[in-house]
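Thanks for coming. Please have a look at the chain on the screen, and then I will go through a few parts of it.

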Amino acid sequence: MTETGGRVGEGRVRTVRLPWDPKSVPQMRRALRADLEARSITEQVISESEMVVSELVANSIRHARPLPDGSVRVHWKVKGNQVEVEVTDGGGASTPQPLPRATWVSAGRGLRIVRSLAHEWGVNDGEGTRTVWAAMGGPSRRRV
C-alpha cells in the first residue's frame, strides 16, 4: 500500500494505492479506521466508513479492472465529523448500481449496504477510470 496525505482547505485528505488483490480489503479497512480514530471521528461514522470502504474496494476488485499500474486508488477527505471516501479503478463493463433485494442470493448486497450507510453516494466516470464515492456523517461536499 502506497500512501500520500495532505491538507485541502479546512479538511484533511489521504490517498492510498492498493494492490489489485482481495487481501487489500482488510488492509484498507484497518488503515482507514486507524486514520479516522486518530482524528477523533465518532465511532458511528468510523464504523460506517469502514464498512463502506470494504464494500467499495471489494466490488472494485471483483467487478472492474485495475488502474494501469495494477492498483485501485482509495482517497478520503475528512471535515469535522464527515468522511467522504472515493474508490477509483479502471472501470468495468457496467455502471455500479444496487441489485434488487433477493432472499437466497449469496452476492449482490454490497451497494445496497453502501446506500443504506452513506448519507449519499455516486459514480463518476473519467478517462479510462471509474470512481465510486460515498459520504458518511452528512451530505457530500460535491454539491454546487
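Strand 5 and strand 6 make a hairpin with two residues between them, and Gly128 in that turn has a positive phi of about 75°. Helices (H or I, at least four residues) and strands (E, at least two) are DSSP runs, numbered from the N terminus. Strand 5 covers residues 120-126 and runs antiparallel to strand 6, with seven bridges joining them; two strands pair if DSSP finds at least two bridges between them. Across this pair, Asn124 stands opposite Thr131.

A word on the source. This is a predicted model, where local features need pLDDT of at least 70, side-chain atom pairs count only at pLDDT 80 or more, and totals for chains, interfaces and linings use all residues. Residues are numbered from 1 along each chain as its sequence is written, and side-chain values use heavy atoms, with hydrogens and water left out.

Now the core. A nonpolar core is a set of buried Ala, Val, Leu, Ile, Met, Phe, Trp, Tyr and Cys residues joined through side-chain atoms within 4.5 Å. The largest one has 29 residues, and among those touching the most other members are Met28 and Val57. Helix 2 gives the largest share, eight residues.

Val57 lies in helix 2. Is Val57 buried or exposed? Its relative accessibility is 1%, so Val57 counts as buried; the cut-offs are under 20% for buried, over 50% for exposed, and partly exposed in between, with a 1.4 Å probe and protein chains only. Leaving out residues up to four places away in sequence, Val57 touches Leu18, Val25, Met28, Val74 and Val87, where contact means heavy atoms within 4.5 Å.
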